[in-house]
Amino acid sequence: MCYSEPGYGTTFRIYLPALKTIHDAAETAQFKAFTSGTETLLVVDDEESVRTLSAEILTKFGYTVLTATGGKEAVEVFSRERHRIDLVILDLIMPEMGGRDCLREILKISPETKVIIAGGYAANGQIDPALDEGATAAMRKPYEAGQLIGLIQKVLDEP
């Protein structure tokens, strides 16, 4: 709807229909195949949207989620909570302390820690070295919820 009056301006009102949630049958079946988690995960990413969405998804699957906005904070959180943290999901490209430096610090504190490295296009040349330095697994960003949950469960189930 548009309303305009000389000397008073114009007002546009746009009404959009409410969207009902639509579930893809294959996606729903994929999620049903996953078991509910009970572990505590540390999600480290400097992008708030990635960190928040990951935490929401993981919480819905039963995980307890701690978050950190960068490498330095991740090392602090991990130092304090290492006895509860079962897995770290670590972004490779971050300001101040990057993912590889953070990985090294976490593994100094607890060498048996399972760490999934997440890297986008900018991290291409850093994923393999991070795996060589002790990361358990890697995944490309952006990732889908099913990929994330599947890899987490695979890594946590490995001895």
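A: Let's start with Lys141 and Glu47, which form a salt bridge whose closest N and O atoms are 3.9 Å apart. The term salt bridge stands for a side-chain nitrogen of Lys or Arg within 4 Å of a carboxyl oxygen of Asp or Glu. Lys141 belongs to the loop between E7 and H6, while Glu47 belongs to the loop between E3 and H2, so the pair ties together parts that are 94 residues apart in sequence. In these names, H marks a helix (DSSP runs of H or I, at least four residues) and E marks a strand (DSSP runs of at least two), numbered from the N terminus.

Before going on, a word on the source: this is a predicted model, in which local features need pLDDT of at least 70, side-chain atom pairs count only at pLDDT 80 or more, and totals for chains, interfaces and linings use all residues. Residues are numbered from 1 along each chain as its sequence is written, and side-chain values use heavy atoms, leaving out hydrogens and water.

How covered are the two partners? Lys141 is buried, with a relative accessible area of 17%, whereas Glu47 is partly exposed at 40%. Buried means under 20% relative accessible area, exposed over 50%, and partly exposed in between, using a 1.4 Å probe and protein chains only.

Now look at the elements around them. An open sheet of five strands has the order E4-E3-E5-E6-E7, with parallel pairing; two strands pair if DSSP finds at least two bridges between them. Its edge strands are E4 (64–68) and E7 (137–140), each pairing on one side only. Strand E3 (residues 40–44) is joined to E4 by five bridges, and in this pair Val43 stands opposite Thr67 of E4. Helix H2 (residues 48–60) packs on the sheet and touches E3, E4 and strand E5 (85–91), where touching means a contact, that is, heavy atoms within 4.5 Å.

Several residues of H6 are buried, including Leu148, Ile149 and Leu151.

Key. Axes are lines fitted to C-alpha atoms, for helices over the stretch in contact, and angles run from 0 to 180 degrees between N-to-C directions.
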